[in-house]
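Please open your viewer and get ready to select residues by number. We will walk from stop to stop, and at each one you will be told what to pick and what is there.

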Amino acid sequence: MSRIGKKIITIPAGVTVDVSAGNLVTVKGPKGTLSQQVDQDMIIAIEEGVLTVARPTEQKRHKAMHGLYRSLINNMVVGVSEGYTKVLEIIGVGYKAANQGNILELSLGYSHAIFMAIPTEVSIVTAMEKGKNPMVTLNSIDKQLIGQVAAKIKSLRPVEPYKGKGVRFQGEQVRRKAGKAGGKK
């Protein structure tokens, strides 16, 4: 029983959903357009501003895809109407972040600066205020893409458990470890 697959998707005002032949779902909204190829077996119905995804049989394969495609379509609807935002916080002495267009420059304690090309679908803003940690803000309509870019930036300097230095999401709790118990006497 797919609880997620059975949920309906309410289509907000200003958003249009088209299902073409071959189950290609295209969602257009004020922020942009996204499309997703849905499996041929899934049944997609749009009635009075409500979209539902149904499965034809109770096969294991259909059950597995039911909730997946409902979630993907819902993420597209939310993306083109509201958009997604991820905020990364860079913690560490001398760590810096700057951007020029869609090129992100990071100084993360290595002997060299790291330059990273961000996809054009993702907009990036960096902020370095005195007395605060550098922040990198990512905005996009594609939830999968923004998550992948944020994970890639985080992987450049993972948070270490002793001092908590590294790149983390804003508000992320990091489990800290105790250091050495003490020296020799």
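**Before you start**

This is a predicted model, in which local features need pLDDT of at least 70 and side-chain atom pairs count only at pLDDT 80 or more, while totals for chains, interfaces and linings use all residues. Residues are numbered from 1 along each chain as its sequence is written, and side-chain values use heavy atoms, with hydrogens and water left out.

**Stop 1: the annotated stretches**

Residues 11-83 are 30% helix and 37% strand, with end C-alpha atoms 14 Å apart. Residues 91-168 are 18% helix and 37% strand, and here the end C-alpha atoms are 8 Å apart. Helices (H or I, at least four residues) and strands (E, at least two) are DSSP runs, numbered from the N terminus.

**Stop 2: a three-stranded sheet**

Now colour β1, β6 and β5. In that order, these 3 strands form an open sheet with antiparallel pairing; two strands pair if DSSP finds at least two bridges between them. The edges are β1 (9-10) and β5, each pairing on one side only. Between β5 and β6 there are 5 bridges.

**Stop 3: two loops with positive phi**

Most residues other than glycine have a negative phi. Go to the loop between β5 (43-47) and β6 (50-54), where you will find Glu 48. Glu 48 has a positive phi of about 50° although it is not a glycine. Next, select Asn 23, in the loop between β2 (16-20) and β3 (24-29). Its phi is near 55°, again positive in a residue other than glycine.

Which of these is buried and which is exposed? Asn 23 is buried, with a relative accessible area of 12%, whereas Glu 48 is exposed, at 84%. Buried means under 20% relative accessible area, exposed over 50%, and partly exposed in between (1.4 Å probe, protein chains only).

**Stop 4: Arg 55 and its partners**

Move on to the loop between β6 and α2 (60-81), where Arg 55 sits. Arg 55 is buried, with a relative accessible area of 14%. Show its side chain along with Glu 58 and His 66. The side chain of Arg 55 makes a polar contact with that of Glu 58 at 3.1 Å, and another of 2.9 Å with that of His 66. A polar contact is a pair of N or O atoms within 3.5 Å; within protein, one must be able to donate a hydrogen and the other to accept it, and residues adjacent in sequence count only if both atoms are side-chain atoms.

**Stop 5: β12 and its neighbours**

Select β12 together with β7 and β11. 6 bridges join β7 to β12, running antiparallel, and Lys 86 stands opposite Leu 138 in β12. Strand β11 (residues 123-127) is also antiparallel to β12, through 5 bridges. There, Thr 126 stands opposite Val 136 of β12.

**Stop 6: helix α3**

The buried residues of α3 include Leu 145, Val 149 and Ile 153. The buried residues of this helix pack against β7, β9, β10, β12 and β13 (166-169); contact means heavy atoms within 4.5 Å.

**Stop 7: the cores**

Which residues have the most contacts inside the largest nonpolar core? They are Leu 106, Leu 138 and Ile 153, in a core of 22 residues. A nonpolar core is a set of buried Ala, Val, Leu, Ile, Met, Phe, Trp, Tyr and Cys residues joined through side-chain atoms within 4.5 Å. Two or more residues each come from β7 (84-91), β9 (103-107), β10 (114-117), β12 (135-140) and α3 (143-156). The largest share, 6 residues, comes from α3. Apart from this core lies another of 19 residues, among them Ile 9, Val 15, Leu 51 and Ile 141.
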